[in-house]
Amino acid sequence: MLDTIISGGTVHTAGASFVGDIAIQGETIVSVGAPGSFARSATPGTRTIDARGMDVIPGCIDVHVHLALPFCGTVSCDDFDSGSRAAACGCVTSLIDFAIPGPGQSLADAHNDWMSKAAGRSFVDFSWHMATTKREHLHEIPACIERGLPTFKQFMIYESEGWNADDAMMFEALELCRAHRGMMLVHAESPRVLDLLIRRFHTPELMRTFGAKLHPITRPNFIEAEAIERCIHWSAVTGGRLYVVHMSTGEGADLIAAAHARGVPVLAETCAQYLCLDDRVFDGPEGHLFACCPQVKKQSDIDRLWQGVQRGEVCIVSTDTCSFTREQKGMWRQGDGPNSFGDWTKIPMGLPGLDTLVPLVYSLGVRQGRISINRLVDLCATTPARVMGLNRKGNIAPGFDADLAIIDPARTEEVDWRNLQSRCDWSPYQGMRLGGFAHTTLARGRVLVSNHRFVADAPHGRLVERRLQPD
């Protein structure tokens, strides 16, 4: 008794590609076989999805998103409703956000806040990393791991937001992660030197002259590289699992490679924007729209990060989605008239991107011959599931959740924010012609996207309990 058969597609896992059928019962993949294997098991109520000539991949996982995040005096415009719709149309069937405690809040409070944002709103499954922004949060780490929330976030910057963690907090958190089988995610930028550079350039004259270009000017590559080097050192000393988020520099990839050679338990992600955008985006009149943290770097960094994707220094590609509209991004304007200027420190930092994660990796990676489609599956589905403890996701095999995406390899479309599910009224990738958007998306066996249209009528995403595997 099968609910769904996906028939005749080219099935891609991280390790193999073959033409076959996938049998689904309820929310679960129950069998994978040769074409026609399950014809006798079909009933009049069995739905058959014809995938002949198409690529079938596991539903992908964006492990780094910020939905409805209060930040920079506003709230990011995509929430779990629009964000999960965007995810599904871009082949993503699971999201991991960041639960960040407000002033005076515990990690338990933050968890409850994020549940109120996601429950009953998300069309795909979800979880979150717990942000330990105060020393008093550290004692909650074991309880969070027991609850199924085994990953934690520390920011080496953002003192003004009250989020900054110093070296002692990082050291102690890594010790706790080592003891209780957790993992620490770190936003690696050096705060003291960064703040010094910002102060030096924070004058009306320089802001009038350089505008949004002050964002990359005050964040040279060594700001990230020094911080990555430091947190790798604390990981080596404590033996705690470390995951460097949104790595944007070639120097960072070099440091990860050196740490792997020494056996340090450090992993690193990069984001789609760092694989295709460079700092020339800040030259135009709308350069401020592209402000994110860390910012996009130079072509040499793009090239080295693609090498890292190919060689394994980068194990996951995510988005760091944090969407702000043009009006929100315009908050940096200071006054009107000929003497007005833009204060780049007031720009809400972040980019939209949930719709376009897989299309960018598919188009720039697979179509351009940088990686195989199997490596795409590894980067965007299998390794994210394994690293983050989503042990029923990221693969096409019996017993796994029926999270699947079907891609028509012959189809491309020009990115236009008007046609995306995101509520953002612009896209960093506007005008790019990309393949890899979802023809069909299933999340635990339910069809969310069909024939490139979002068709689900009600959210059914749920919080997924996560358990990290041994090192």
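Trainee: What is the volume of the largest cavity?

Mentor: The largest cavity has a volume of about 150 Å³. Keep in mind that this is a predicted model.

Trainee: Which residues are closest to the centre of the largest cavity?

Mentor: H66, F71, Y158, C293 and D320. They belong to a lining of 17 residues.

Trainee: What makes a space like this a cavity?

Mentor: A 1.4 Å probe fits inside but cannot get out, so the space counts as a cavity. By this rule there are three cavities of 30 Å³ or more.

Trainee: How does the lining of the largest cavity divide by class?

Mentor: Ten residues are nonpolar, five are polar and two are charged.

Trainee: What about the second largest cavity?

Mentor: Its volume is about 60 Å³. The lining of the second largest cavity includes P352, D355, W417 and W426. By class, that lining has six nonpolar, four polar and one charged residues.

Trainee: Now A259. Why is A259 called buried?

Mentor: The relative accessible area of A259 is 0%. Buried means under 20%, so A259 qualifies.

Trainee: Where is A259 found, and what does A259 touch?

Mentor: A259 is found in helix α9, residues 250-262. Leaving out residues up to four places away in sequence, A259 touches I232, V264 and V266.

Trainee: How far is A259 from M349?

Mentor: Their C-alpha atoms are separated by 30 Å. Along the chain, A259 and M349 are 90 residues apart.

Technical notes
Residues are numbered from 1 along each chain as its sequence is written. This is a predicted model: local features need pLDDT of at least 70, side-chain atom pairs count only at pLDDT 80 or more; totals for chains, interfaces and linings use all residues. Side-chain values use heavy atoms; hydrogens and water are left out. On a 1 Å grid over the protein atoms alone, a cavity is a set of points where a 1.4 Å probe fits but cannot get out, and a pocket is an open set with protein on both sides within 12 Å along at least five of seven lines; lining residues have an atom within 4 Å of a point. Grid points are joined across faces, edges and corners, and a volume is the space filled by probe spheres set on the points. Ala, Val, Leu, Ile, Met, Phe, Trp, Tyr, Cys and Pro count as nonpolar, Asp, Glu, Lys and Arg as charged, and the others, Gly among them, as polar. Helices (H or I, at least four residues) and strands (E, at least two) are DSSP runs, numbered from the N terminus. Buried means under 20% relative accessible area, exposed over 50%, partly exposed in between (1.4 Å probe, protein chains only). Contact means heavy atoms within 4.5 Å.
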